[in-house]
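Biologist: Hi! Could you walk me through this one?
Modeller: Happy to, here it comes.
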Amino acid sequence: MNRRTRTILTAATAVALSAALAGPAVAAPQTDGHDATRQAVRAAVADGVPGVTLRVQRGHGVWAATAGVGDLKTGKPRSTRDHYRVASISKTFVATVVLQLEAEGRLSLDDTVDKWLPGVVRGNGHDGRKVTLRQLLNHTSGIFDYLADPGFQRTYMTADGFMKHRFDEADPEELLAFALANEPYFAPGSSFEYSNTNYLLAARVIEKATGNDYGDEIDRRIIAPLHLTSTSVPTTRVTLPRPSSRAYSKLAETDTGPTYDVTELNARLAYGSGQMVSSSADLNRFYSALLRGRLLPPEQLKKMKTTVPSSRETSRYGLGLVDRELSCGVHVWGHDGGISGSNSDAVTTEDGRHTLAVNFNGDWSGSTEAIIEAEFCDT
């Protein structure tokens, strides 16, 4: 789930949450080369983010920091080892598995969705016979985003709906029905529109091609080989592994009103589009390994990095991987992600040597982009 689609969950401006945030301190020793990043982290908390956890790796050097709080009631600080829901960052993991399957000759990016999921994508102009797997992965399919469906938003994204349904175990077919109740955005391949439905379907294709749950394939192919000990694809678990912080949301279109503790929820509703849990250290290791060619053969990595124009002027979208050009001309590769109570971002330079992963435990204010700009442009 990315920030653009969370129209009910997020707001444009920030608000101070409690006196505990009035004077946030970065919980890390002063480290040369990260002053601008440190200031950007503090600014996010001043803007209303409850707490921030961040980790940077540059060559063999590691710098980790926190600011604000992990628990508004107790004032407990965030940990640099926090687990958190990474939301749409999950898409890079899903795309990597699809590309591994292609490298093994088990599927082709030019296969249609209908080849793997016969008759599943039909209705209101949607036709899986005309959509390819590549178009799922780079969001050029035109398939409607189920998160944007008014019925889904009422059920899961409003305060009343969230509190009633936060532990629901909807299956992928139920989620797909929300998308297919709407018309497609455009004809397949003719434009770009970010749609979480694309990755719900990509996860289902992985399951059809392998006979296993897509999460099991991520675990076997990525998590285990890279020793990502803080990373998982939870099924129905509604709590976060320790250490972790509380997660907060306004569950409204504005940044005013009550702040809700939304830590416990069933992320299976996000399925292949955003179900995973990880940590900043693991995300840095993953993206560095991916860009260095440890997970994909050169041909598949080249395909992953072949981009199309996205909805943001300064970024282009590949296959589950975003190429962002920063204000200083530096390009970073990665993905961002937002789900109730959590905003995350993880990026690396193309050589995989300079990585950053950051998480906010609130979903309505602050800028991860500003932190990335500070780290890569102001050092």
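Modeller: One term to begin with: Ala, Val, Leu, Ile, Met, Phe, Trp, Tyr, Cys and Pro count as nonpolar, Asp, Glu, Lys and Arg as charged, and the others, Gly among them, as polar. This is a predicted model, where local features need pLDDT of at least 70 and side-chain atom pairs count only at 80 or more, while totals for chains, interfaces and linings use all residues. Numbering starts from 1 along each chain as its sequence is written, and side-chain values use heavy atoms, without hydrogens and water.
Biologist: Which classes of residue are in the lining of the largest pocket?
Modeller: Its lining has seven charged, six polar and three nonpolar residues. A pocket here is an open set of points on a 1 Å grid over the protein atoms alone, where a 1.4 Å probe fits, with protein on both sides within 12 Å along at least five of seven lines; lining residues have an atom within 4 Å of a point.
Biologist: How much space lies in the largest pocket?
Modeller: About 300 Å³, counted as the space filled by probe spheres set on the points, which are joined across faces, edges and corners. Among the 16 lining residues, Lys-76, Arg-242, Ser-244, Ser-245 and Arg-246 are the closest to the centre of the largest pocket.
Biologist: And how much in the second largest pocket?
Modeller: About 260 Å³. It has 14 lining residues, and the closest to its centre are Gln-57, Asn-284, Arg-285, Ser-288 and Arg-292.
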